[in-house]
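The points are grouped by topic for reference alongside the sequence and coordinates.

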Amino acid sequence: MDPILIQDVLKTLPHRFPFVMVDRVLSIQDGEVHALKNVTVNEPFFPGHFPQEPVMPGVLIVEALAQASMFCLHGQLEPGTVGYLAGVDGARFKRKVIPGDQLHLHAKLEFLRRGLGKTTCRALVDGEVAAEATILFAVAKG
């Protein structure tokens, strides 16, 4: 598949600046997604989150994984359907994410039944695990 560029990412996700955490989707295959988040020094959270040593907040890494998870359902949902975060299990943070990093977001759909779903996720920087979590979500009309 061709990558899903930001214009089409914005057609899938309801989020807008400053809360869009997926810049591009590189691949979707058999319920598995590989997406990118380019982390720049211009992110609005860096001036207030450890300003002397900018670090991307863990909750925003989890949000990026949750947004990437919605692409596991790409082409399967009716227009106007939104995914709502319902839970996060086993979140672990293994390394700092700093300005200049490219966050590779990997999500694998475990199940989707009656509007409830689960993905297992990893965020990597330079091939090294930065974070991992299990995301629970609900899909409904927005």
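In which element does Lys-11 have its place? Lys-11 belongs to helix 1. The model described here is a predicted one. The chain contains 2 helices and 6 strands, and its elements follow the order α-β-β-α-β-β-β-β from the N terminus.

**Overall dimensions and packing**

- The C-alpha trace of the chain extends over about 45 × 30 × 25 Å along its principal axes.
- The radius of gyration of the chain is 14 Å, which agrees with the value near 14 Å that a compact globule of 142 residues would have.
- Buried residues make up 39% of the 142 residues of the chain.
- Among contacts in the chain with a separation of 6 or more, 62% are between residues 24 or more positions apart.

**The largest pocket**

- The volume of the largest pocket is about 410 Å³.
- Its lining consists of 26 residues, and those nearest the centre of the pocket are Thr-12, Met-70, Leu-77, Thr-81 and Gly-83.
- Helix 1 (6–12), helix 2 (58–69), strand 3 (81–93) and strand 6 (128–141) are the elements that each give two or more residues to this lining.
- Strand 3 gives the most to the lining of the largest pocket, namely 5 residues.
- By residue class, the lining of the largest pocket comprises 14 nonpolar, 9 polar and 3 charged residues.

**Strands 3 and 6: Val-88 and Thr-134**

- Val-88 lies in strand 3, and Thr-134 lies in strand 6.
- Beyond its neighbours within four places in sequence, Val-88 is in contact with Val-62, Ala-133, Thr-134 and Ile-135.
- With the same exclusion of neighbours within four places, Thr-134 is in contact with Gly-87, Val-88, Asp-89, Lys-118, Thr-119 and Thr-120.
- The C-alpha atoms of Val-88 and Leu-136 are 6.1 Å apart in space, although these residues are 48 residues apart in sequence.
- Thr-134 and Lys-118 are 16 residues apart along the chain, and their C-alpha atoms are separated by 7.0 Å.

**A buried loop residue: Met-56**

- Met-56 is located in the loop between strand 2 and helix 2.
- With a relative accessible area of 2%, Met-56 is under the 20% limit and so is buried.
- Setting aside neighbours within four places in sequence, the contacts of Met-56 are with Met-21, Val-39, Phe-45, Phe-46, His-49, Ile-61, Val-97 and Leu-103.
- The C-alpha atoms of Met-56 and Lys-118 are separated by 24 Å, and the two residues are 62 residues apart along the chain.

**An exposed helix residue: Lys-11**

- Lys-11, in helix 1, has 68% relative accessibility and counts as exposed because this value is over 50%.
- Lys-11 and Ala-91 are 28 Å apart in space, C-alpha to C-alpha, and 80 residues apart in sequence.

**Backbone geometry**

- Most peptide bonds are trans, and most residues other than glycine have a negative phi.
- The peptide bond from Phe-17 to Pro-18 is cis, with omega near 5°.
- Pro-18 lies in the loop between helix 1 and strand 1 (24–29).
- Phe-50 is not a glycine, yet has a positive phi of about 55°.
- The loop between strand 2 (32–38) and helix 2 holds Phe-50, whose relative accessible area of 52% is over the 50% limit, so that Phe-50 is exposed.
- Asp-126 likewise is not a glycine and has a positive phi of about 55°.
- Asp-126 lies in the loop between strand 5 (116–125) and strand 6 and, at 72% relative accessibility, counts as exposed.

How values were computed. Residues are numbered from 1 along each chain as its sequence is written. This is a predicted model: local features need pLDDT of at least 70, side-chain atom pairs count only at pLDDT 80 or more; totals for chains, interfaces and linings use all residues. Side-chain values use heavy atoms; hydrogens and water are left out. On a 1 Å grid over the protein atoms alone, a cavity is a set of points where a 1.4 Å probe fits but cannot get out, and a pocket is an open set with protein on both sides within 12 Å along at least five of seven lines; lining residues have an atom within 4 Å of a point. Grid points are joined across faces, edges and corners, and a volume is the space filled by probe spheres set on the points. Helices (H or I, at least four residues) and strands (E, at least two) are DSSP runs, numbered from the N terminus. Ala, Val, Leu, Ile, Met, Phe, Trp, Tyr, Cys and Pro count as nonpolar, Asp, Glu, Lys and Arg as charged, and the others, Gly among them, as polar. The radius of gyration is taken over C-alpha atoms; the globule rule is 2.2 Å times the number of residues to the power 0.38. Buried means under 20% relative accessible area, exposed over 50%, partly exposed in between (1.4 Å probe, protein chains only). Contact means heavy atoms within 4.5 Å.
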